[in-house]
Amino acid sequence: MKLLSILLLLNMACFSAMSQEKKSVIYKSDKFTVYSNSVIQPPYKAVSLSPNQLISNYQGIISPTIKFKFSINGNDNEADHGIDHMVTIRPQNGTYVSKLIKFGVQSVDTMATKVDEILKPETKWIVRLDMRDVLKSFKGKGFFTLFNGEKIYQKDFKGVYIAGSIAPLTWKFENLNGKKEFELKDENHDGIYEATLILNPHPAYSSWKLTSDLTLFPKYKSNLPLVDALYNLSVEEMLKDVRSDGAFIAGEVWNGVWTRDISYSIDLALAIINPEASKISLMKKVQNKKIIQDTGTGGSWPVSTDRVVWSLAAWEVYKVTGDKEWLANAFQIIKNTTDDDKLTILNKETGMYFGESSFMDWREQTYPVWMGPIDIFNSQNLGTNAVHFQTYQILSLMAKELKLPDVEIKATSDKIRDGINRYLWMKDKGYYAQYLYGKNYQIISKRSDALGEALCVLFDIANPAQQKQIIANTPVTEFGTPCIFPQVPNTFSYHNNAVWPFVQAYWALAAAKIGNEKAVLQSIATIYRVAALALSNRENLVATTGDYKTTAGSSPRQLWSVAGNLSMVFKLYYGMDFQPAGIRFKPLVPQTIAGNKTLSNFKYRDAVLNIQMKGFGNTIKSFLIDGKKMKEPFIAADLKGNHSVVIELNNHFSDAGTINFKDVDFSLPALTWQQAGDSVILRKDSKIRKYIGYKNGMQFIETTNNRIRLANDGKYTEYMFKAIDDNGYETFSDKPLIVLPNERVWRIEAEQYAEKANYNATGFTGDGYIELSKTQNTNYPFQISVPEEGDYSIDFRYANGSGPIYSENKCAIRTLFNDAINAGAVVFPQCGDENGWSKWGYSNAVKVHLSKGNHHFYLRFVPNVNDNMNLEVNTAILDAIQIFRIH
């Protein structure tokens, strides 16, 4: 009866909303419509019954055809990337039993489906896996050889799991190990493993009703019931995301306090609405008076390097509160952190910083598959560098507030901005490239990076003309601005083929800055649509369908999505720009969101404000405080007591702006090659229109011929190749092809200069390998005899089994000294499973100019400078040293 009542109420409310369509539409597209009190995306509806209640019948856009893989020990080890099992599930009496699938042998059991066909809710799926060949190999050989030649030993076998594309499955293999819900069992001991899963498990109808006391927080009221309800939902979810110690967690599924999550969230809105929780959260991410990089590839920092986003949040907290003690402490923390970063991740040639994409830290989602942790470290990403730039801008502003010198700080930020504009701006596209990648010579990935593009607008990295181009030209899809464009093929939706509401919020604020009403309105609709249908601020959604259930993970109550929703009120509609001296108002209200708005009980330092606003547009007609007309739309920081503010807008936009709407397009897979003598043969594909070749980072050929002759001049040469498809989209390049005569390469076995270690490692060269740790070989010496003066590259063959690629914080770091001169940082990321000391790779290369003769080098652990995020474990084993002349 309760379900029936909700259904009847829902239908009545939605009918009422639809009958008022002509006067109550906020945003309308071909796929969905946002009304003043509802969202309709046929066949689904969400309705605001009051400012404190929402109901929705959303079930998801879930195809009955799903992709999945099996996993031994929770690793992605059944088949190569992009080779998945596929099955079309049409249950009989609520149950579907899959055919028997052999581990490592792709199974495609699909049927034609209708465009609008969806998987039935509460489908029971019995999946069956044949592990007999694996078990037979264990018994006969003691190990099983995987598709890539790696071995799983019987003694290391912990279990077999399933990963996949729809809930409750996940593509996050690191989340599988030990999780009973994903584990298959051999109950009959016959080598056939089984699991029973409930797919699309959420109920068909649900509701949200406010249960928290929000009286301590600003109250928002407008003539749009949907917006009012989503505001209250977001404030309540913010409260639920505060744990018992007063710090913010990342979301309902992610219960940790994470640097980038809390920082972007605090910057967007949470400093405004809950500054005390913001302070507590930020200080949880500090150790030794430096910022913690808690997540990322290859053992965290310095492969992942966006920890300085903390500075955005710390500065926002100061601007909101005026807390000078907080300011002084935050300044020193940021200064200590940037001093370390300069020594380890600064590329002096470009002026930019090395490291992984900010927040997009799931490797194959946004990088070519060949790029391992060290290749990601070597990349120079747009969003990450935008954050580093703004960190130095903030340091400069903090220094002025504290009456400290800022000349050197300002110079560093200028170099980063110059590097971004020189190396990443794409004049032909009118927006920035995703990142630089390669080895000693790098090229750009011509994908957009939505967060990076937005931050370059907001931080004035782009000039005013560029800012307008970015918002007008960056590709946008029907369900929002995707994290990247075009999408990467043969991988699932998470960062790839995805829209993230917090990124969309930054996009909305960037669009508002340059007055693009159309881009602002589409962003608002993107955020409100998913929050209303899901009855929660979800982590992300699939760009192609708008569905949040079929990404690799979309947590409810995701903190930065909560903050993004709230920022639409504080920073967009009201345009609050907090400054040390007060609040400047720069509102933008789209015409369809026009009307009277009230933000009451708004606490700002020693004042409590009641802020009314009416009209639409992005210019202010009048600004009154306590009935007195003011010359500027500004509230001074020293205002005390209760005050009323009335803002009237001009009901005008000088230029509504444009949006570059695109289908959710995918590029072709990364271009692969084979070397054949003095030529390279590039992969053929009927969709490839032409090939582009790069020699030492510079384009040298554009051709339709897939066989390209290579130079043979006896010098180091690095080639990269891309293909262009019929849509004009570039593929990723495959790994660089390096042409290098043997006589220009020197190799030194590490054990020549130190005692051999014993980590039970295999696959090393020479007679063994040595240990690099905080107690062993902390000042490792070696010598090089150079036959002629020139520029040389030095790297190290190593293994780091302190943790897997995707978690932990035990990346090893050292400093290379050429005689007494600091030549640069050497980074040894985690590159395999924990205790996987037989997975060898190469460190980053350090470039040095050497004169003819002997040179003494030292690979040194420098305390404080070479500390990683773990502080205790900073270990790698070193096999050999490689030196070659670049030119």
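Predicted model: local features only at pLDDT ≥ 70, side-chain atom pairs only at ≥ 80, totals over all residues.

Student: Okay, is Glu-730 buried or exposed?

Tutor: Glu-730 counts as buried, because its relative accessibility is 11%.

Student: And which side chain does Glu-730 meet in a salt bridge?

Tutor: That of Lys-446, at 3.7 Å from N to O. A salt bridge here is a side-chain nitrogen of Lys or Arg within 4 Å of a carboxyl oxygen of Asp or Glu. Glu-730 lies in the loop between β45 (717-725) and β46 (737-739), and Lys-446 in the loop between β25 (442-445) and β26 (448-449), so the pair ties together parts that are 284 residues apart in sequence. Helices (H or I, at least four residues) and strands (E, at least two) are DSSP runs, numbered from the N terminus.

Student: What about Lys-446, how accessible is that?

Tutor: Lys-446 has a relative accessible area of 26%, so this residue is partly exposed. Both residues also belong to a network of salt bridges that links Asp-428, Lys-446, Lys-722 and Glu-730.

Student: How many salt bridges does the structure hold?

Tutor: There are 44. Another one joins Glu-316 to Lys-319, with the closest N and O atoms 3.3 Å apart.

Student: Where do Glu-316 and Lys-319 sit?

Tutor: They are in helix α7 (residues 310-321), and because they are three residues apart there, about one helical turn separates them. Both Glu-316 and Lys-319 are buried.

Student: New topic! At what angle do α5 and α6 cross?

Tutor: The axes of helix α5 (residues 259-273) and helix α6 (residues 275-284) cross at roughly 155 degrees and come within 8 Å. Axes are lines fitted to C-alpha atoms, for helices over the stretch in contact, and angles run from 0 to 180 degrees between N-to-C directions. So α5 is roughly antiparallel to α6, a label for angles over 145 degrees.

Student: Which residues meet there?

Tutor: Among them are Ile-262, Ile-266 and Leu-270 in α5, and Pro-275 and Leu-282 in α6. Contact means heavy atoms within 4.5 Å.

Terms used: Residues numbered from 1 in each chain as written. Heavy atoms only, no water. Buried < 20%, exposed > 50% of the residue type's maximum accessible area, 1.4 Å probe, protein only. Parallel < 35°, antiparallel > 145°, perpendicular 65-115°, else oblique.
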